[in-house]
Amino acid sequence: MAMIAYKCPQYRVTIVDINHKRIAEWNSGKLPVYEPGLDEIVKSVKGKNLFFSTEIEKGIKDSDIIFVSVNTPTKSFGVGAGMAADLQYWEKTARQILQNAESPKIIVEKSTLPVKTALAMERILTSNNSRIHFDVLSNPEFLAEGTAIQDLENPDRVLIGSNQTENGLKARDVLVEIYKNWVPSDRIITSDIWSSELSKLVANAFLSQRISSINSISALCEKTDADITTVARAVGFDSRIGNKYLNASVGFGGSCFKKDILNLVYLCLHYGLHEVADYWEGVVKINKYQMERFVLNMLTSMFNTLTGKKISLFGFAFKANTGDTRESPAIFIAKRLVEEKAELVITDPEALQNARIDLKNIDGKVSFIEDPYDAAAGCHAIALVTEWDLYKNLDFEKIYRSMIKPAFIFDGRNILDHNRLFEIGFNIYPIGKPALTHFE
Ligand code: UDX
């Protein structure tokens with residue numbers, strides 16, 4: 001919404017939320033999320049044509065177009081628990097729009113929703129014999145965290161799904177006009193609503209499938225002394241495959257990938273497509289296997305016991321350049337290490353506040369230290385979980401001197417200079433490459 005306000009001064013954008021604290025934060029000088037470049041954009045339009053408010057009813061009444069961006073987490077109860085999307089917030093919003101609208105509106109589905117939700121939304125909005133006309137559009141968001149501003153400013157594509165009726169197409173054109181203020185027309189794709197909703201799930205399923213594919217091969221590389229970076233490079237040079245999303249890692253995290261694949265799996269099960277459901281569920285299974293493998297590798301390398309050993313986790317965010325820790329592999333790894341009775345020191349430049357919340361009920365010794373040098377001091381091992389640039393340029397000689405020997409580094413992102421660290425004296429365990437150790 002900040003980008004729309006920034007690119008289209010002729011529109012007035014109001015963001016409403018039930019969370020008063022959140023809205024106060026957006027209105028304050030310090031934004032509640034860390035996203036490179038967002039601060040400047042918000043500052044340049046806030047109070048001009050971008051407003052944050054808790055007056056939801058007024059927001060509904062005053063607007064011609066409503067973007068619904070409520071959260072749709074994985075259901076934790078009842079039918080579809082652990083897989084289907086929890087649509088309670090979304091349905092409440094639809095009902096609230098119906099109750100308060102006094103003029104025709106275009107409703108844009110921005111939250112990622114399992115297919116056919118727009119149809120349900122339409123049914124709610126046309127119930128009560130409402131005399132007000134609503135058009136529902138699907139406009140999934142493809143931005144990735146950490147690069148949100150460049151993804152929004154220069155998107156690979158904008159996708160807009162609408163009913164193929166006269167009204168539906170008219171509403172679609174209103175939204176197309178907004179994006180045309182800065183997105184080239186050939187990047188604005190229009191479709192029917194169902195295809196648009198499904199495309200978002202499928203895009204995320206394909207992206208995470210690539211990561212699980214390369215991660216599965218990283219396990220084979222570790223057994224056969226091949227090098228995953230070489231394999232990924234050789235494979236990625238094939239222009240049909242391409243070289244993106246082939247970085248082997250400790251596993252993927254984030255609020256979307258797992259949730260969206262599980263939604264896809266649930267959808268397939270619903271339609272009796274068991275083979276298709278199993279196929280996509282495999283992506284999530286490999287991801288869990290990769291995280292578990294990382295922990296097992298730590299355990300076996302450190303002489304089969306972690307009890308009482310001090311381990312520093314370098315990074316807690318699910319990826320670099322964000323403070324977001326949702327579904328971060330770090331959460332799984334931290335919990336497993338504590339089960340092995342290790343003592344943890346967590347460090348991260350942006351995510352410590354979230355890490356504290358994620359681990360608040362953990363039964364073990366965990367501390368949180370912002371400075372990576374202080375975090376590593378006195379530790380037996382470092383487990384690098386997030387690929388923050390700052391970890392590449394640390395003074396590892398200083399770190400080595402401050403650690404207990406033999407000192408271990410488990411590079412869950414393959415971002416460090418492994419040969420150099422080995423020369424300093426560390427035992428290095430990358431992902432999908434032979435370990436470099438000083439042991440016989
Ligand atoms: C993703 C999609 O990229 C985006 O289009 C969609 O709108 C939302 O979901 P995001 O969750 O922000 O975005 O992060 P992304 O950059 O895709 O990374 C997801 C996870 O995969 C991270 O944990 C990342 O570290 C991991 N990853 C990514 C790898 O392990 N290897 C890679 O090669 C790429």
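1. In this predicted model, a polar backbone atom of Gly253 lies 2.9 Å from an oxygen atom of the ligand. Of the 670 Å² of accessible area that the ligand has on its own, the protein covers 92%.

2. The shell around the ligand is made up of 20 residues, and the closest of these are Phe142, Tyr245, Ser249, Lys319 and Arg413. Which helix gives the largest share of this shell? That share, four residues, comes from helix 9, which runs over residues 193-224.

3. Helix 8, comprising the 14 residues 166-179, reaches 20 Å from its first C-alpha to its last, and this is close to the 20 Å expected at 1.5 Å a residue. Its buried residues are Gly168, Ala171, Arg172, Leu175, Val176, Ile178 and Tyr179.

4. What do the buried residues of helix 8 pack against? Their partners are helix 1 (2-7) together with strand 3 (65-68), strand 4 (105-109), strand 5 (134-138), strand 6 (158-162) and strand 7 (188-192).

5. The peptide bond that joins Lys405 and Pro406 is cis, with omega about -5 degrees, and Pro406 is placed in the loop between helix 16 (396-402) and strand 12 (408-411).

6. Asn304 has a positive phi, near 65 degrees, in a residue other than glycine. This residue, Asn304, sits in the loop between helix 12 (274-301) and strand 8 (310-314), and Asn304 is exposed, with a relative accessible area of 54%.

7. Glu327, although it is not a glycine, likewise has a positive phi, of about 55 degrees. The location of Glu327 is the loop between strand 8 and helix 13 (329-339). Is Glu327 exposed or partly exposed? With a relative accessible area of 43%, Glu327 is partly exposed.

Technical notes:
Residues numbered from 1 in each chain as written. Predicted model: local features only at pLDDT ≥ 70, side-chain atom pairs only at ≥ 80, totals over all residues. Heavy atoms only, no water. Helix = DSSP H or I, 4+ residues; strand = E, 2+ residues; numbered from the N terminus. Expected span 1.5 Å × (residues − 1). Buried < 20%, exposed > 50% of the residue type's maximum accessible area, 1.4 Å probe, protein only. Contact = heavy atoms within 4.5 Å. Near = heavy atom within 4 Å. Polar contact = N/O pair within 3.5 Å; in protein donor to acceptor, adjacent residues only side chain to side chain. Areas by Shrake-Rupley, 256 points an atom, 1.4 Å probe, with all protein chains shown as cover.
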